[in-house]
Amino acid sequence: MVIQTHNVADTERAGGMLAKKLSPGALVAFTGDLGAGKTAFCRGFLHALGYTGRVTSPTFAIVNEYD
């Protein structure tokens with residue numbers, strides 16, 4: 001799957017769309033340069049699942065867990 005976005009809002013929306021398509025227990029891995037939009041994508045993904053807290057950058061983490 002390739003998703004091309006042009007701004008932060010598009011990237012967050014794309015994250016939300018993916019969140020709604022995955023089944024519980026799915027594993028998602030991210031790769032990309034600094035500034036590629038990983039945090040914005042994660043923020044949209046998590047907000048679509050009902051998470052309302054702060055979303056931290058996945059770049060320097062081995063694992064981030066969100067309830």
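User: What classes of residue make up the lining of the second largest pocket?

Analyst: In this predicted model, the lining of the second largest pocket has 7 nonpolar, 5 polar and 1 charged residues. The space in the second largest pocket is about 210 Å³. Lining it are 13 residues, and those closest to its centre are Phe30, Thr31, Ala36, Lys38 and Phe41. Helix H1 (8-21) and H2 each contribute at least two residues to this lining.

User: Why is the pair of phenylalanine 30 and phenylalanine 41 called an aromatic pair, and which geometry does it have?

Analyst: The ring centres are 5.6 Å apart, and the cut-off for a pair is within 6.5 Å, so the two rings pair. Their planes stand at 70°; an angle over 60 degrees counts as edge-to-face, therefore the pair is edge-to-face. The structure holds 1 aromatic pair.

User: What makes this pair a link between distant parts of the chain?

Analyst: Phenylalanine 30 sits in the loop between H1 and H2, phenylalanine 41 sits in helix H2, and the two are 11 residues apart.

User: Why are phenylalanine 30 and phenylalanine 41 put in separate accessibility classes?

Analyst: Phenylalanine 41 has a relative accessible area of 14%; buried means under 20%, so phenylalanine 41 is buried. Phenylalanine 30 has 37%, which falls between the 20% and 50% limits, so phenylalanine 30 is partly exposed.

User: How do you know whether threonine 31 is buried or exposed?

Analyst: Its relative accessible area is 76%, and exposed means over 50%, so threonine 31 is exposed. Threonine 31 lies in the loop between H1 and H2.

User: Why does threonine 11 fall into its accessibility class, and what does it touch?

Analyst: Threonine 11 has 10% relative accessibility, under the 20% limit, so threonine 11 counts as buried. Threonine 11 belongs to helix H1. Leaving out residues up to four places away in sequence, threonine 11 touches Thr5, Gly37, Ala40 and Phe41.

User: What lines the largest pocket?

Analyst: The largest pocket has 26 lining residues, with Val28, Phe45, Leu46, Asn64 and Tyr66 nearest its centre. By class, 19 are nonpolar, 5 polar and 2 charged. Helix H2 (residues 38-48) gives the largest share of the lining, 3 residues. The volume of the largest pocket is about 650 Å³.

Terms used. Residues numbered from 1 in each chain as written. Predicted model: local features only at pLDDT ≥ 70, side-chain atom pairs only at ≥ 80, totals over all residues. Heavy atoms only, no water. 1 Å grid on protein atoms, 1.4 Å probe; cavity = no way out; pocket = protein on both sides within 12 Å on 5 of 7 lines; lining within 4 Å. Points joined across faces, edges and corners; volume = space filled by probe spheres on them. Helix = DSSP H or I, 4+ residues; strand = E, 2+ residues; numbered from the N terminus. Nonpolar A, V, L, I, M, F, W, Y, C, P; charged D, E, K, R; others polar. Buried < 20%, exposed > 50% of the residue type's maximum accessible area, 1.4 Å probe, protein only. Contact = heavy atoms within 4.5 Å. Phe/Tyr/Trp six-rings, centres within 6.5 Å; stacked < 30°, edge-to-face > 60°.
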